[in-house]
Each structure stands twice: as structure tokens, then as C-alpha cells.
Amino acid sequence: MLDFIKQPWPWWVSGPLIGITVPILLILGNKAFGLSSNFRHICAACFPSKIAFFRYDWKKETWNLFFAAGIIAGGFIAWNFLSVHNFSINEKLLYDLGQYGITNHEQLVPSEVFNWSSLFSLKGLLMIVVGGFLIGFGTRYADGCTSGHSITGMSNLQFVSFVATCSFMAGGFLFANLIVPLILKL
Amino acid sequence: MKNATIHIDETIKTEIGLKPNGVEKEASPGLRFYPNIKFFFAGIFFGLVLIKSEVISWFRIQEMFRLQSFHMFGVLGTAVLTGMLSIMLIKKLKIKTINKEEIFLLPKKFQKGNIYGGLIFGFGWAITGACPGPLFAQLGSGATVVLVTILSAIAGTWTYGLIREKLPH
């Protein structure tokens, strides 16, 4: 059993388990699955700065911060105790990444770029800091992220979530193919 | 519970995902520990699945956007199908929450920001190889520098709040 769990799970096992999170949160307390809102709640709790967008009762939304804390704990447990770190990654991608000096693919992120000392290089700054900023700005502007729109919204047959998901994908295709290679070249 | 007496603009309420006046029945758990702890455990479950499904791997995200693997599309597709079926069942069978409340999801309203913001988020997704949920799981897996990405995302959300009025919606 443990051996089975330790293997990477196929998409037809993990997909439904991700989807089942939607009814779990609804049944536990009428909560809509969506993680990017947490960034807003943290702003509202820590630096509302008289901005109307951050003046609401964030304490009503603490359940989502508990949920996020759980994800950190779940990530720790799964990575350290329930995984064998043998990803099978597309050969072509590995070859391309090798050209940019990315050869270690035993972590979830390429350790050559995502490390503390790379924060002092332009490449690291763009990948870690600017990348994060785009996520925070874009998700709020779009009113949701992959969990809020692509999974919850589309499950609830919301047309706007379908539009948002197409936009996520379009932006991702564009950047992954045209811009990310340029940044990695730096 | 009686309706809250604090007046919040109805549109803002809907935007932040609260229920409009008259619909809200459940007392909010607020900052109390006990009523919130079940969501922590739900988070552990979701974090486990995120890691095991590898959808939070930077490499998988690059594969997806370069159309080099079906994995991510399979995960997203089956996740949406499962969510859709669950919501249909909840509505059809009138399943209630564990506190015997009626379950409902607020509709989301379309605005141009869904497209502009969506594209911007897509850029960030491709660069960091993570969306908001996975950022937390990556941090938990020991990629400590992702903490900077999360702080930066908070700064991004704050900046959006600051200049929101000036952006096309």
C-alpha cells in the first residue's frame, strides 16, 4: 500500500482527488474553494492602508488561511515521507533546459534558479520576485486563480470562469514558449 | 443568527465572496481555533494530493505549456469533471453542510479584468511554475525561497488594490 502511495500518481487518480476538494469545502462549511483570496486577506489583515478594497471583515475568511497552512503541512508530509523523487520528464524539455544549465530535476522547482542566492541575480529576481508579483496582481484582477476559476468556477458552469481559464492558458503558453527561455538565457 | 448590523456595500460583499444580506445564516467562526481546524485538515489532504499529482512541479508546468505532456490536462480535466458532478449531486440531492445549512455557490460576474488579469496571472504561472495553491505546497516541500514568491504575490495583490480604480474592468 505504502509503495503504491509513494509512486507518482497517474492523472486519473489525482485529478478526481483535486476535484473532490470542492464538495469537501462546501460540505464542511459552505466554503468556495479558491486560494488566491488569501493574498487579499493577508493584505486586509496586515496592511489595509485605508484602501477600500482591503476594508472588509477578513476575520470571517480565516478558514481559508487555515486551509493554506494545511497545504504547507500537507506538502511537507507528502514530499518528505510519501514520495520517491523520480519524475519522468519529457526528453525534449530536459534537453532544452540543459542548454540553460538546468540539470537538476529532482526537486519541484529547478534548484539552479530557485534558491536564496539567485535572488541577487537578474534571472532569479525575474523568476522569483517578478513572477510572484504577476501571480498576485493577475489573480486578483481576474477575480480568481486556477482553483477559484478553473476548478470551482468551471465546475459550477460559470462562463466567466471559462473565459478566465482560457486567459490563464493563453498567457502561460505565450510566456513559457517565448519569454521564459529568454529569462533562462540570462 | 440575526443579520449582522454592520453595513457593507452589497456589491463589495459579493466581490469578496460573502453572502448578500438575508442569505447568511451561519455564524462565522472568525478567529476561533476549533471551528477552523477542520479546514486545516482539508488543506493537508489537498497539499498531499498536489504533491502526489506533481501538478506543482515547475517542470510539469513547462511541459504543459509546451504541449509536451498530457498529464496536466488530464488532471485539470478530471478535476473539473469531478467538481461538476459533485456540485450537480449537491444541488439535486439538496445535500446540506455538516451544520445542516443549505449549500450554495455565488455566481461570478464577468468583467474585462477576467481577461487582462487572467493573462497577467498566466505569465506568472509560466515563470514560477506555480499557481497560488501550489506555492504553499512548494514551500512545504522545503523550497524555502518560495516564501519570497508568496510575499511578492501579496505585494502584487496589494498593488492591484491600490490602483484598482484606474484599471479597465
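The model is a predicted one, and every value below was computed from it.

**Chain B in outline**

Chain B contains seven helices and zero strands, so that its pattern, read along the sequence, is α-α-α-α-α-α-α. Of the 169 residues in chain B, 47% are buried. When contacts in chain B between residues at least 6 apart in sequence are considered, 48% of them join residues at least 24 apart.

**Where the chains meet**

The contact between the chains draws 110 residues from chain A and 110 residues from chain B. On the side of chain A that touches chain B, the elements giving two or more residues include helix 2 (11–19), helix 3 (21–29), helix 4 (37–46) and helix 5 (62–81) of chain A. Helix 5 of chain A gives the most to this side, with 16 residues. By class, the residues on the side of chain A that touches chain B are 68 nonpolar, 36 polar and six charged.

One part of this meeting can be followed in detail, where the axes of helix 3 of chain A and helix 4 of chain B come within 8 Å and cross at roughly 35°. Here Val22(A), Pro23(A) and Leu26(A) of helix 3 of chain A meet Gly83(B), Ser86(B), Ile87(B) and Ile90(B) of helix 4 of chain B. The contact of these two helices has five nonpolar, two polar and no charged residues.

**Two helices of chain A and their surroundings**

In helix 2 of chain A, the buried residues include Trp11(A), Leu17(A) and Ile18(A). The buried residues of this helix pack against helix 3 and helix 8 of chain A, together with helix 2 (33–53) and helix 4 (71–92) of chain B.

Helix 4 of chain A is largely enclosed by the rest of the structure, because eight of its ten residues are buried. Among them are Phe39(A), Arg40(A), His41(A) and Ile42(A). What covers the buried residues of helix 4 of chain A includes helix 5 and helix 7 of chain A, as well as helix 6 (132–140) and helix 7 (146–163) of chain B.

**The nonpolar core**

The largest nonpolar core has 90 residues, and those with the most contacts inside it are Ile71(A), Leu134(A), Leu50(B), Phe121(B) and Ala126(B). Helix 2 of chain B supplies the largest share of this core, nine residues. Leaving out residues up to four places away in sequence, Leu50(B) touches Ile71(A) and Gly75(A), and in chain B it touches Val55(B), Ile56(B), Gly133(B), Pro134(B) and Ala137(B).

**Two loop residues**

Cys145(A) is found in the loop between helix 7 and helix 8 of chain A, and Leu67(B) is found in the loop between helix 3 (58–65) and helix 4 of chain B. Cys145(A) counts as buried because it has 31 C-beta neighbours inside 10 Å, whereas Leu67(B) counts as exposed because it has 12 such neighbours. Apart from neighbours within four places in sequence, Cys145(A) is in contact with residues of both chains, including Gly34(A), Thr139(A), Phe121(B) and Cys131(B). The table gives one C-alpha separation for each of the two loop residues.

| Residue pair | Apart along the chain | C-alpha separation |
|---|---|---|
| Cys145(A) and Gly34(A) | 111 residues | 7.0 Å |
| Leu67(B) and Lys109(B) | 42 residues | 31 Å |

Terms used. Residues numbered from 1 in each chain as written. Chains lettered and ligands numbered in written order. Predicted model: local features only at pLDDT ≥ 70, side-chain atom pairs only at ≥ 80, totals over all residues. Contact = placed C-beta atoms within 7 Å. Helix = DSSP H or I, 4+ residues; strand = E, 2+ residues; numbered from the N terminus. Nonpolar A, V, L, I, M, F, W, Y, C, P; charged D, E, K, R; others polar. Buried ≥ 20, exposed ≤ 12 C-beta atoms within 10 Å, placed from the backbone. Axes fitted to C-alpha atoms, helices over the stretch in contact; angles between N-to-C directions. Core = buried A, V, L, I, M, F, W, Y, C linked by C-beta atoms within 7 Å.
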